[in-house]
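Hello,

Here is the structure you asked about. My notes on it follow below.

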Amino acid sequence: RNLQLLDDLVREKELTVQKTSDTLSACRLRSKMLAKQLDHVDMEIEREEEAGNVAAVSRLQAVSSRLCTELEREKELELRLALTLKQNLVELWQIETEQGKYDILREQLQKDEEELQMQYQEEREVRIWKEKITALQAEGTRRTREKREEEAWREREERNKKLLEDAKRNHEKAVCFLRQSMARIHEKNAKEEAKAREHMERRIQAVLSLKTSITSNRERLQTLQILNKAKALEAKKEEMKMREAILAEGGNVIREMFLHKRQQEHEKRKEAFRELQKSRKMEIVSRILQERASIHKQRKSQSPAKAIKARALFRLFCFVLLNVQVIEFCLKIAQTTTKYETLYLQNLCSFTKAVALSISLPQDVLWESGDEDTERDKTLLVPEFPGLWSREYDLHKVPKAEDPTRLAIREMRKQMAEKKMEKLQTGILHKQTVPAQEHKGCAFHSKPSCIHFKDFDVGQIYKKKIVLTNASYSVNYCRLVGISEWLKDFISVHFDPPGKMSSGMSCEFLVTFKPMINEGLEGAVMFMAQTGSFSVPLKCTVKTCMLALDKELIDFGSLVVGETISRTISLTNSGALGARFK
């Protein structure tokens, strides 16, 4: 590398010397040309002076002065170039002398390069020889593989021949079996055809009987239609009479007729509701009877398993109580329904309560289950295998061979553990401090700051994702404690503890709201951090009507008697619930 650098320096210096010599020769040529021009101008000045042309003489003198200055500049440049040329030549000679010192090394380098090329050539020959050997080996493996493939092909052909022979034999056997099975199928089809004919004859007879019944039903329908028409005519006549009577009294005909129709529809609904009430009562009674029958069967089949009987009875009791709770909840909702629906629900609730009171757990089953528990407790008083229970062993007794340093370390650990337990029991929490200041306030900030479910509908499901950010100055933990007691039936929180959280990091939790009643709720989701407990407020607001006017005062200003002035007022409902206004 050093020799290469020296060679590069020599080439650069030779190039610079060549360039400076070229510029020096060009400078000398320019100076010679300027000297010739100056001589020519002097001769012209002498001629013009003899001729007495003053203007030409002054012009030529200016040209001669300019040429003199240029000639001086060129001479100065020539001197500078000569100096630089000498310096470059000296540097070139120094570099050449330095290069001459490394001639022996250059020769040694050439020899090393030749030896390296020879080594490369030998390695190339060895590699070619190895490749030839591998090619011969590959050729041998290819030939052996071809031989194996030929043998496998022959074996496959022999196997195929055997399979063909076996297939021919199996085909002959299958043909025999097929003939037998076809004969059976023909017999079966003949029997099925006979059955189908009989069935068709029966169907034809049924169709004929249906035709006769249809004709008789048509006559009945015609009579029913005539009766319905007569009833409709009577209803129209009664309606006309009512209208005439209302007009005679001076009342509102449309309003009275509308109320009459609504009363008729209400009576129809009441009848339908009574029928539905009867059917539901029958369903509940049938279910209770089925449960009793199943419990009776279990008693007969599983007489020794008394605990299972108690479970079945308890399940039945819970089923009836659950029905009671559901119906009581429906009674709360039925405040907005009609009077007949509330009466039905109250009757159904009292009926199910009576059934629940009539079904009670047998005392003998309960006492027997209690006896089994006491027996189990008695058996646990005595260990199954004798061991450490039968010996009086001191757990704090230290062996003699134990090291005193280990004892000291163990005592220190015990003391540290006791201190930690005391801190936890007394509620002492860690403070978040940095060298400059101490963190005060809540360790975590939630986004949004309040979980608000606004304008909800009963029966729908609402979900919100909340982000908790560690606002303290160091690593902190976060654990879900729970939610307010009165929100547990409607709110569920899904939170995966993220573990250690450095300052500025955040985690998410999902809040699901399933409203069952149309009432506003307020509470909080409570968490525990390393620095203390904190909570995120939760609010559920029902749909409300918020009517507002755009003007508080209607000002007509000054007006003349007899003049009419009008002002428009806009009433806006900004809530989610519609409302009537007057």
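Ser31 touches Leu71, Glu74 and Glu78, leaving aside residues up to four places away in sequence; contact means heavy atoms within 4.5 Å. This is a predicted model: local features need pLDDT of at least 70, side-chain atom pairs count only at pLDDT 80 or more, and totals for chains, interfaces and linings use all residues. Residues are numbered from 1 along each chain as its sequence is written, and side-chain values use heavy atoms, with hydrogens and water left out.

More on Ser31. The residue lies in helix α1 (residues 2–51). Helices (H or I, at least four residues) and strands (E, at least two) are DSSP runs, numbered from the N terminus. Is Ser31 buried or exposed? Ser31 is buried, because its relative accessible area is 11%. The cut-offs are under 20% relative accessible area for buried and over 50% for exposed, with partly exposed in between (1.4 Å probe, protein chains only). A polar atom of the Ser31 side chain lies 2.6 Å from the backbone oxygen of Arg28.

Next, Glu256. This residue has its place in helix α4 (residues 253–301). Glu256 counts as partly exposed, at 36% relative accessibility. Arg243 is 13 residues from Glu256 in sequence, and the two are 8.6 Å apart in space, C-alpha to C-alpha.

Now the strands. Strands of a sheet pair through backbone hydrogen bonds, either parallel or antiparallel. Two strands count as paired here if DSSP finds at least two bridges between them.

Four bridges hold the antiparallel pairing of β1 with strand β3 (residues 462–470). Lys447 stands opposite Val467 in β3.

Strand β7 (residues 521–529) pairs with two others. Strand β4 (residues 478–483) runs antiparallel to β7, joined by five bridges. Cys478 has Ala529 in β7 as its bridge partner. β7 and β8 also run antiparallel, with nine bridges. There, Ala529 stands opposite Gly532 in β8. β7 and β8 form a hairpin, with two residues between them.

Last, the rings. How many aromatic pairs does the structure hold? There are eight aromatic pairs. Rings of Phe, Tyr and Trp (its six-membered ring) pair if their centres lie within 6.5 Å; planes under 30 degrees apart count as stacked, over 60 as edge-to-face and the rest as tilted. Phe444 and Phe534 have ring centres 5.3 Å apart and planes at 15 degrees, so this pair is stacked. The pair links distant parts of the chain: Phe444 is in strand β1 and Phe534 in strand β8 (residues 532–541), 90 residues apart. Phe444 is buried at 3% relative accessible area. Phe534 is buried at 9%. Ring pairs link Phe444, Phe495, Phe509, Phe527 and Phe534 into a cluster.

Elsewhere, the charged end of Lys464 sits over the ring of Phe453, 5.5 Å from its centre. That label requires NZ of Lys or CZ of Arg within 6 Å of the ring centre and within 35 degrees of the ring normal.

Best wishes

Methods:
Polar contact = N/O pair within 3.5 Å; in protein donor to acceptor, adjacent residues only side chain to side chain.
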